[in-house]
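Subject: Structure for your review

Dear colleague,

Please find the structure below, handed over for your own work. My notes on what was found in it follow directly after.

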Amino acid sequence: MKHRKWYKQLAFLTTWIVFIVFMTGCTNPIVLDPKGPIGDQQRDLIWFTIAICIAVLIPVLGLTAFIIWRYRDKADNKAPYHPDWEHSTKLETIWWGIPILIIIVLGTVTVKYTYDLVPAKPIASEKKAITIQATALDWKWLFTYPDQGIATVNYLQIPEDVPIRFELTADAPMNSFWIPQLGGQLYAMSGMSSTLYLQADEIGEYLSSGANFSGEHFGKMTFNTKATSQADFDAWVNKVKLDSPVLTIDGYKKLSQKSVEDPLLYSAFPNKLYEKIVTKYSAHYNHELSYKEPNSKPSHDHKMNKEDHENMDQQLEDMPAHHGHH
Amino acid sequence: MLESIKKFASEFFVTGDPLIYGAMVSIGFTMIALVATLTYFKKWGWLWREWITTVDHKRIGIMYVIAALLMLFRGGVDALLMRTQLALPNMEFLTPEHYNQIFTTHGVIMILFMAMPLMFGLFNLVVPLQIGARDVAFPFLNSLSFWLFLMGAMLFNLSFVIGGSPDAGWLAYPPLSEKVFSPSVGQDFYNWGIQISGIGSLMTGINFIVTILKMRAPGMKLMKMPMFVWSVLASSVTIIFAFPILTVTLALLMLDRTFGAHFFTLDGGGNPMMYINLIWMWGHPEVYIVILPAFGIFSEIVSTFSKKKLFGYKSMVFALMTISITSFFTWAHHFFTMGTDANVIAFFAVTTMIIAIPTGVKVFNWLFTMFRGRITFQTPMLWTLGFIPCFVVGGLTGVMLSVAPADFQFHNSYFLIAHFHQVLIGGVAFGFFAGLYYWWPKVFGFTLNEKLGKWAFWTWNIGFYVCFMPQYFLGLDGMTRRTSTFGWDKGWYELNLTSTIGGFMMGLGFIFQVWQIAHSVRFMQKDTTGDPWNGRTLEWSIPSPAPEYNFAVIPQADEQDAWWEEKKRRAEGIVTVTEQPIEPIHMPGKSGIPFIKSVCWFVTGFGFIWGWYWMAIPGLIGIAACMLIHSFTYDNEYYIPAETVKHTEATLRGTM
C-alpha cells in the first residue's frame, strides 16, 4: 500500500518532466539553432556530448529503478539477500573501466575541438575578414569599425558570409561578448585585447549580449546583431558616414561614464581609439586616454606631453595589426 | 551638525526600500522578543553556562545546525525574491541594484553560511561518536571555530540593514569589487565576514584531521573506519589546502580597498585576473569540500537501509581521496572563455572530466550496496534515493560543461546555473538533509515524524526539477545569469514562470520540514533504543541522546561495521567483550574565551569596515588579550566521577 503511493508520486514527477520537455520542444533553443560555422561546430559537439550523456543516463537510471524495486523490503520478496556480499573484482573493474573509456573518448574529441575552435583562429574563407573592435563600457558596448571608419553603440551590423574578426577589450569591469547563434563567448577585459572570429551564414537578426556580470545595469547590455548582404552593409556604412555625428575623444570620455544607452551611430571616431583604450593603463604610454592624465601631473610641462603624444602615436602606428593575448 | 548626523544615518542604515524597512522592523521585534523571553524565564545564566561557554562537540554541532538552518531560510527567501522578479518579463519587483545584492548574498550565504556550517554541524555531531571518542582533539579550538563562523556570518548579514549588501557577485571579481566600482561598504562587509568565518573553517579542518588520525577507538584501523569518517578526512584535507588561499586572496582585496594597494587593479600594476585564478583555486575545491561529506552520509545510509555491508569499501576510499586531490587541478575551467592558450584549456578540460570517473564509481558502489539487500524507505533513505538521479543528471551536465569548446556556449548562462544547483542542491543539500534525518534521533533523543518528512521530501524533489530543468533550456536559449529582467520578445517567459513555480514548491518543502520538526517536538516520540534504524556503526551502541562523555567505556572496534557485528554476535549468544569497569572520565572544561574573542573579532571587523580605528584597535587588543589569558590557563579540565557515570548510564538505558 505504502509503495503504491510512492509510485504514484513518481508518475507525477515524470509527467512534469515530460511536460517541460514538450513545452520547450516547441521552440528550438538558439544555441542549438546556429547560423554560422563556429556555432555549427559547437552545436555538433554539444549534440555529441548529449548523446554520450544519454547513453550513460538511461542504463544507470534503469538499473537504479530496477534495484530499488527488486530489493525492497517486503515479506514475500523472493530476491536473494546476501548481507555480507561487499566486493567483486569483476564488477568493480567494469565500472572503473567504462567511465575511463568514455572519458578517453570524450577527452580526445574535446582536445581536438579545443585546438580547432581556438577563438583567435581565422575562419577559412575566400572573402577577406573584416575587423570590428568591441569595447565593453559601463553599461553599453562600443563598436568601432577601423576599416570603415564608423562606430556604433549597442548595435552591430555585419555582412553575411564574411568572417568577422572581433577584437575585444573593456574600459570598465570585465564583460563577455556573446552572440549565441554565431558562436561561443569570449571575455572582454581591460588592459588587453582578445580576438574572436565569428561569421554569419544567413541574413537575420541575432540576440547578442554581455554575458558576464559587470555591475548595476549590465543586464541592459543586450543588443541585436544584424547580418545583411554585402551591398546592404556597404549602403548602411555610407549612410552612417553621411548622417551621423562624429565621436570625439571628449565624446568617448563622456560615453565611458556609467549610463544606459539606446543604439547610437557615429560617422567617425578618434584615430586609434581602440588601441588607446587597450593601452590606457600601460605606464609608459601617455596619450589622451591614459590613466595618468597629463594634466594630473603638474610637473610635466606642455611640451613634454606633446612629445609623449607623438611617441605614443608613432608606437601605435608601428604596432602589428592584431595584439596577441597573454 | 544635524545635517552631518542625517548624512551619516543615510549611509549607515539602508534606506528607501520597503522590503528592507520590513526586515528591519521584524529583526527588531525578534531581538526584543528574544531578550524579553530570556529575561522573563531567567535563562541568561543557563544560556551562558550550557551553550555559549560549552566545548562539548555535540552542543557545538547543534548550534552549527541551528545557525545553518536559519541561514537556509535567509538564503531561500533571497532565492524566492529573485525568482519572483524573474517570473514574468519586465517585472519591477526588485531594482537591478537590489537584485544584484540579493544574488550576491544568496550565493555567499548558501555556500559559506549554510552548506559549510551544516557540514561542520554534522562533523561535530557524528565523527567523535563514530570513532568511539569522547570529544574532538581540540575542544577549545572547536568552540572558537564555531563562534568565529557565527560572528562572521552575523557581520555579513548585518550589511543587509547597515551600510548596504555587497553586490559584486558571490566571488567578487575585481575590478568590479574594487573601490572605484564598488565604493560602498557592502564589499567590506563581504571581505571581513568571510575572512573571520573562514579562519574558523580552517581550524575546524585541522581539528578533525587530528581527531580522526589520533582519537579512534582501539582496533579501528584506517581501513576499518566508517565511510562518513573517511569523507570527513578527505574534506578536511581539502580544507587545509584550500582555505589559506581564500584567506590570502581576501586579505589582498582588503588591502586594495582599505589601504589603497594595487594587487588587483590595473592602474598601479596589479592584475584582476590574478584574483580570479586565486579565488577559484579555493572556490573549486570548496565545492568538493561540501560534497565529499555528503558522499560519506549516503554511504552510511545506503548500507543501513539496505541492511547490507557497503559495497566496494576500498574503491570508495580511493575515489574520495582521488576527488580530494584532483579538485585542485581544475580551477581554470571556470574561465575557459578568458581567451587563454589552447594547451591550458585542453589540460583543464581533461582534468575536469577525470573527476567524473571516481564520482561515477561511487554511484555504482551505492547501487550495488542495495543490490541483494533489503531496502526500506524511511526518510533518510528517501533523500538518498532522490539524490541518485538528480546527481547523475547534474554530474553529466557537468561533464558537458567540461567540454571546453562547448562551454563557450554554456558559460555564464542559465545552463551553468541549472548544473551547479543540481549538484549542490541534489548532492549537498539533499545529502546533509539525509544526514540530519538519519542522526536526528541520536542527537536529540526523539524521532521525526515520517509522514511530514515524506511530504517535505516530495515537495522539495518535485520542486527541484520544476525549478531547474527549465533553466537548462533557458541557458541554451541565450539567457545569461544575473540578468535582473528580460523582455517579452526573448521568448523566455514560460520557462521562467515554470522555474519560479518550482522555486516556491521547494519553499513549501522547507515549510514542511519546519512543521515536521515543530510537530515532532510537540508530540515527542522518544528514542528509547538508541538504535532506531538498526544501525551498523558505533554511535548507535550508546543511548540517545548521547551522554556528555559519549562512551562510558571506550569501545573495541575491530570490524568495519563494529556495532552491527556485535549485535550479530549477541543474537547468537556469543559474548566477546568482557565487561570493563567504569572509571572516572577526564573532560575538557568550559570556557568563555572563544565567545569573547569572536566578539572582539566582530568589533574589529566592524571598525575596519567603517574605517573607525577607535573601534578596530581596541578590538584587536581584545583579541590579543584573549590569546594571552588563554595561554596562561593551565587548569581547565575536570573528572566525572565513576559513580555519576554509572548513574547516568543506568538512567539512560532504563535499567534504574
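Two residues are taken to be in contact when heavy atoms of theirs lie within 4.5 Å. The model is a predicted one, and the notes below should be read with that in mind.

Interface of the two chains

On that criterion, 93 residues of chain A are in contact with 97 residues of chain B. Together the two chains bury about 8700 Å² between them, and carbon and sulfur atoms give 73% of this area. Within the part that chain B buries against chain A, B:Arg372, B:Arg374 and B:Gln409 supply 10%, more than any other three residues. The size of an interface is often expressed in this way, as the accessible area lost when the parts come together.

As to polar interactions, 28 residue pairs are in polar contact across the interface of chain B and chain A, both residues being at pLDDT 80 or more. The number of salt bridges across this interface is 3. One salt bridge between the chains joins the side chains of A:Asp73 and B:Lys307, with an N to O distance of 3.2 Å. Here A:Asp73 belongs to the loop between helix 2 (37-70) and helix 3 (89-116) of chain A, while B:Lys307 belongs to the loop between helix 9 (272-306) and helix 10 (313-326) of chain B. A:Asp73 counts as partly exposed, because its relative accessibility is 33%. In another pair, B:Lys568 meets A:Asp84 through their side chains, at 3.5 Å from N to O.

Chain A

Chain A contains 7 helices and 11 strands. It has 326 residues, of which 50% count as buried. Its accessible surface comes to about 15800 Å², and 60% of that belongs to carbon and sulfur atoms. Among the contacts in chain A with a separation of 6 or more, 67% are between residues 24 or more positions apart.

The unreviewed UniProt entry lists residues 45-69 and 94-115 of chain A under "transmembrane region". In the model, residues 45-69 of chain A are 100% helix and 0% strand, with the end C-alpha atoms 36 Å apart. Residues 94-115 of chain A are likewise 100% helix and 0% strand, and the end C-alpha atoms of this stretch are 32 Å apart.

Salt bridges within the chains

Over all chains, the count of salt bridges comes to 24. In general, side chains of opposite charge can pair when their charged atoms come close. In chain A, the side chains of A:Lys112 and A:Asp116 form such a bridge, at 2.7 Å from N to O. The two are separated by about one helical turn, because they lie 4 residues apart in helix 3 of chain A. A:Asp116 has 30% relative accessibility and therefore counts as partly exposed. A:Arg165 also forms a salt bridge, with A:Glu167, and their closest N and O atoms are 2.4 Å apart. Both A:Arg165 and A:Glu167 are buried. In chain B, a network of salt bridges links B:Glu559, B:Glu566, B:Arg569 and B:Arg570.

A glycine in chain B

Is B:Gly198 buried or exposed? With a relative accessibility of 4%, B:Gly198 counts as buried, since the cut-off for that class is under 20%. B:Gly198 sits in helix 7 (residues 186-214) of chain B.

Yours sincerely

Technical notes
Residues numbered from 1 in each chain as written. Chains lettered and ligands numbered in written order. Predicted model: local features only at pLDDT ≥ 70, side-chain atom pairs only at ≥ 80, totals over all residues. Heavy atoms only, no water. UniProt positions renumbered as here; feature names shortened; annotations may be inferred. Salt bridge = Lys/Arg side-chain N within 4 Å of Asp/Glu carboxyl O. Buried < 20%, exposed > 50% of the residue type's maximum accessible area, 1.4 Å probe, protein only. Areas by Shrake-Rupley, 256 points an atom, 1.4 Å probe, with all protein chains shown as cover. Buried area = accessible area lost by both parts, 1.4 Å probe. Polar contact = N/O pair within 3.5 Å; in protein donor to acceptor, adjacent residues only side chain to side chain.
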